[in-house]
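Here are some notes for your first reading of this model. Please keep the structure open beside them and find each residue as it comes up.

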Amino acid sequence: MDFFVRTRSGADPAIDADVARSCTSKQPYASEGEARAVAAMNGMKLFTYHCRYCDFWHLTRRPTSSNAPIADD
């Protein structure tokens, strides 16, 4: 994430909002397996995605392509 912020060419409100929504407010996980394990341990029905801003994995409520939910209620 720090690399993204340091290397971008200028402020862009749309990108800043996307970063805040999809990255900075979420827990980073080193791998998809780690993210899925945390969600499963907590019984959360979530999906994983690889973040283009910080290069970590995050959890989301939104379905992602080719990704089944982690836990069923």
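**Notes on the pocket and the cores**

1. The largest pocket is lined by Arg21, Lys26, Leu46, Tyr49, Leu59, Thr60, Arg61, Arg62, Pro63 and Thr64. The model is a predicted one. The volume of this pocket comes to about 220 Å³. By type, its lining has four charged, four nonpolar and two polar residues.

2. Take Arg61 from that lining. Arg61 sits in the segment that follows β2. Is Arg61 buried or exposed? Its relative accessible area is 74%, and exposed means over 50%, so Arg61 counts as exposed. Beyond its neighbours within four places in sequence, Arg61 makes contact with Leu46 and Phe47. Between the C-alpha atoms of Arg61 and Thr48 the distance is 8.7 Å, with the two residues 13 apart in sequence.

3. In soluble globular proteins, nonpolar side chains tend to be buried together. Here the largest nonpolar core has seven residues: Tyr29, Ala35, Val38, Ala39, Leu46, Trp57 and Leu59. Another core, of six residues, lies apart from it and includes Tyr49, Cys51, Tyr53 and Cys54.

4. Trp57 belongs to the largest nonpolar core. Which residues does Trp57 touch, not counting those up to four places away in sequence? They are Gln27, Pro28, Tyr29, Ala30, Ser31, Glu32, Ala35, Thr48, Tyr49 and His50.

5. Compare the residue lists of the pocket and the core. Leu46 and Leu59 line the largest pocket, and Leu46 and Leu59 are also among the residues of the largest nonpolar core.

Key. Residues numbered from 1 in each chain as written. Predicted model: local features only at pLDDT ≥ 70, side-chain atom pairs only at ≥ 80, totals over all residues. Heavy atoms only, no water. 1 Å grid on protein atoms, 1.4 Å probe; cavity = no way out; pocket = protein on both sides within 12 Å on 5 of 7 lines; lining within 4 Å. Points joined across faces, edges and corners; volume = space filled by probe spheres on them. Nonpolar A, V, L, I, M, F, W, Y, C, P; charged D, E, K, R; others polar. Core = buried A, V, L, I, M, F, W, Y, C linked by side-chain atoms within 4.5 Å. Buried < 20%, exposed > 50% of the residue type's maximum accessible area, 1.4 Å probe, protein only. Contact = heavy atoms within 4.5 Å. Helix = DSSP H or I, 4+ residues; strand = E, 2+ residues; numbered from the N terminus.
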